[in-house]
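Here is a short briefing on one protein model. Keep the sequence and the 3D view open as you read.

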Amino acid sequence: YNIDEDRIYLTGHSMGGRGTWFVGLHYPDLFAALAPFAGSNTWAKPVAENALNLPTFVFHGAADKVVNPEYSREIVSIFKTLGNPVRYKDMPGAGHWWFIEDGERRIACVDDPELFAFCEQHRRDRYPREVIYQTESLRFNQAYWTRIDQLEEHGRMARLRAAVETANRIVVEVENISEYTLSLSASLVDM
């Protein structure tokens, strides 16, 4: 199949929504956007900064009795505070799974036309000018053009922020990191 690697989107409902948070925020450079539906945010909160360059559309039924919608509202609030690109759709009266009435058709929540319109608007940015990446493990150690090679203390959150300020000036800030690598390209710096 001829796949546009800059138009791969990650979405999931319920446990799939939770998995969307986990996979998407540990591998933010693989996707053009995320769309978790009715998923718990427990894995998202500690690494929320990883979504700096990852547009996210969060969906949740306001009357969900399986996964409390406050999980989604909380992470959306965190994303907004961080300046991450985020959109939230809270479906009034909807439970854990819902349908959208469209004339004579019933559309499942995961087929929401707004999701597809959102995806059409976003392409992956392979070389964003600023990257923030957090991790507790070298199992998840890279995003975009940055890689964490060594932690000072394993099991404690590490944070790397790298920003291209001018054509040949990059500022890097690290916490709990003793070694890192930057893989630069002509689209980032004057090579």
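Two bridges connect strand 8 with strand 9, which covers residues 146-151, and the two strands run antiparallel. Bear in mind that this is a predicted model. The points below start from this pair and then move to other parts of the chain.

- Ala143 has Thr146 in strand 9 as its bridge partner.

**The parallel pair and its crossover**
- Strand 3 (residues 56-61) pairs with strand 4 (residues 86-91) in the parallel sense. Six bridges link them.
- His60 sits opposite Asp90 of strand 4.
- To get from strand 3 to strand 4, the chain passes through helix 2 (residues 70-82). This β-α-β crossover is right-handed.

**A nonpolar surface patch**
- Which residues form a nonpolar patch on the surface? They are Tyr1, Ile3 and Ile8, with about 430 Å² of accessible area together.
- Ile3 lies in the segment before strand 1 (9-13).
- Is Ile3 buried or exposed? Ile3 counts as exposed because its relative accessibility is 56%, and the cut-off for exposed is over 50%.

Terms used: Residues numbered from 1 in each chain as written. Predicted model: local features only at pLDDT ≥ 70, side-chain atom pairs only at ≥ 80, totals over all residues. Heavy atoms only, no water. Pairing = 2+ DSSP bridges. Helix = DSSP H or I, 4+ residues; strand = E, 2+ residues; numbered from the N terminus. Right-handed = clockwise from strand over helix to strand, strands pointing away. Patch = residues over 30% accessible without salt bridge, like charges linked within 9 Å, V, L, I, M, F, W, Y side chains within 5 Å. Areas by Shrake-Rupley, 256 points an atom, 1.4 Å probe, with all protein chains shown as cover. Salt bridge = Lys/Arg side-chain N within 4 Å of Asp/Glu carboxyl O. Buried < 20%, exposed > 50% of the residue type's maximum accessible area, 1.4 Å probe, protein only.
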